[in-house]
Amino acid sequence: MNRFKKRLALTLASLTLLSCFVSCADTDSPDDSKESSTVAVEADSSEDNRFLGLDYKDRPFRIYTSAHQASSAMDSSNYLIEGEGKTGGGMVSDAVYQRNVTVEELLGVKLEFTQCDLSYGAIAGDVRILTQSGDDLYDLVINDNYDYAQLVIEGHFRNLMDDECVFDFDRPYWYKDYMEDLRLVDGYQHLLAGDFFIDVLRTAHLMIVNKDIYQDYYRTSADELYDVVSNYEWTYDKLISTITGLYIDKNQSGSKDEGDQYGYLDSAYWGASIPLSTSGTTTFIKRDEEGCPTISIHEGDRSNQLAARITTLLNHEDTGLEKHVPDPVAAFINGEALVAATFSLGSLESENLRQMESDAAVLPYPMLFSSDKKYTTATHDTTELGAVLVTSKDMAFISTVIEVLNRETANILIPKYYKESLQVQCVDDEKAAAMIDIIHDNFDNAFILAYNTALGGKILQAFSTAAEDKREFSAVFASSAKSMEKTLKNKISRYRVKNNID
């Protein structure tokens, strides 16, 4: 079994721990000297005595959990939230069961799960019905940020920073930076991301390289790309030059279609542009003195330069999109491309990917310029986050249980996965482990991924429109800039009213 197959044979959670690989990965890998608050690391419950002696007398803790099939080429994350409710299902299943039972025994609670199997776009209506009933039905709800962002604006979720809450967002099992990026006003937090909400990690975008095709074309090992990344040379220009010359019309049809060989595979313009733009940009928003976001993507020429490269990449003669190849994931697995960008950490669990004949490498999305010295990982606009309904009561109880669920996920699940990761990733391929470490450690631009649809969808769409129409980004953005800024201002005003913020 090749190294990549062994790596893919891991459970998802073994991939989510790679922040721990700094000790065994290259010491020169990007950002390994920077402590990021978005990195999940193992916690030590022996240092946390806040909840000792609590006994809620078998009080139910009611979780409304998403069981919907994920849209990013992976299964639902509910198997790491609810689990199977028994042991004997393997290391992952047993760890989830142990975590849940441990929380129940530590606090004297009973975890009760109700599954919600709704597609994005339908979730908001479901939550509105729950809150409009006025009934206290659930203590925690978990679902897509695509819908949850709009629900935050409408006032359907509790503020998780009020005086009743016992959350300690400085603990390492919380993704503090990620959550702060989702705020609309300082001092108010409505959406939760942390170890327990593991879909954040599973939806982290990445690129995969077919090592055999690279070896055949460049007559050298694809492992050199690991050094390109570590030396901050993995840019969009480097990606474009790497895929150039790889297209082969294998079936001699005279046009791009299934069965041909491509330098690069991706989804349609819209889907492809989301991670490409969010990985290459750090200026979607800036914040005023109250922490309120304002749109800043149009300031300066960086966006034009990024959009120009996205346009070049997606329209490249060696690129295949869904209009050429209906299933880019299957095409890559069949050995039809050097690079594919339709994958996330969670999708690496795919049985088909594990059966791929060729060896492969995992890389982060590129940066725009080498001088950026930072790779940025985009999650998905349907990444599942936690929230508490405005109708829920007793925030001291609710925040206590959620805090302990996060802590015990770090204490019980993380070590299991880390051990397996250490054995397979670090021992067999330290540089590959360092690549996933970079992917995992550098989440950013959570705000635009969550709120783009709530703001009319046009901010991210400007990149896809520029690429598809082959127009300059600033020209596309200018046509709707004022309306977008007005929409954001109106949404924040509505948010203030709905959440009783002066």
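**Reading sheets, a packed helix and rings**

Author: In this predicted model, strand E1 (residues 59-66) and strand E2 pair in the parallel sense, and eight bridges join them.

Reader: How are strands of a sheet held together in general, and which residue of E2 stands opposite Phe-61?

Author: Strands of a sheet pair through backbone hydrogen bonds, and the pairing may be parallel or antiparallel. In the present case, Phe-61 has Leu-111 of E2 opposite it.

Reader: In what order do the four strands of that open sheet lie, and which are its edge strands?

Author: The order is E2-E1-E3-E11, and the pairing in this open sheet is mixed. Strand E2 (109-116) and strand E11 (384-387) are the edge strands, each of them pairing on one side only. If direction is ignored, neighbouring strands of this sheet are turned by 20° against each other on average. Helix H5 (residues 145-154) lies across strand E3 (140-144) and E11, and its direction runs at about 120° to E3.

Reader: Which strands form the open sheet of five, and where are its edges?

Author: That sheet has the order E8-E5-E9-E4-E10, again with mixed pairing, and its edge strands, each of which pairs on one side only, are strand E8 (319-320) and strand E10 (360-363). Within it, strand E4 (residues 205-210) and strand E9 (residues 337-344) run antiparallel and are joined by four bridges; Ile-208 has Ala-340 in E9 as its bridge partner. Helix H16 packs on this sheet, where H16 touches E4 and E10, and the direction of H16 makes about 30° with that of E10.

Reader: Where does Asp-437 belong in this picture, and is Asp-437 buried or exposed?

Author: Asp-437 has its place in helix H16 (residues 430-441). Since burial here requires a relative accessible area under 20%, Asp-437 counts as buried because its value is 2%. Asp-437 and Leu-363 are 74 residues apart in sequence, while their C-alpha atoms are 10.0 Å apart in space.

Reader: Turning to the side chains, how many aromatic pairs does the structure hold, and which residues do ring pairs link into a cluster?

Author: Two rings are taken as a pair if their centres lie within 6.5 Å, and the structure holds 21 aromatic pairs. Ring pairs link Phe-167, Phe-169, Tyr-173, Trp-174, Phe-196 and Phe-197 into a cluster.

Reader: Over which ring does the charged end of Arg-59 sit?

Author: The ring is that of Phe-397, and the charged end of Arg-59 sits over it, 3.7 Å from the ring centre.

Definitions and conventions: Residues numbered from 1 in each chain as written. Predicted model: local features only at pLDDT ≥ 70, side-chain atom pairs only at ≥ 80, totals over all residues. Heavy atoms only, no water. Phe/Tyr/Trp six-rings, centres within 6.5 Å; stacked < 30°, edge-to-face > 60°. Lys NZ or Arg CZ within 6 Å of the ring centre and 35° of its normal. Helix = DSSP H or I, 4+ residues; strand = E, 2+ residues; numbered from the N terminus. Buried < 20%, exposed > 50% of the residue type's maximum accessible area, 1.4 Å probe, protein only. Pairing = 2+ DSSP bridges. Contact = heavy atoms within 4.5 Å. Axes fitted to C-alpha atoms, helices over the stretch in contact; angles between N-to-C directions.
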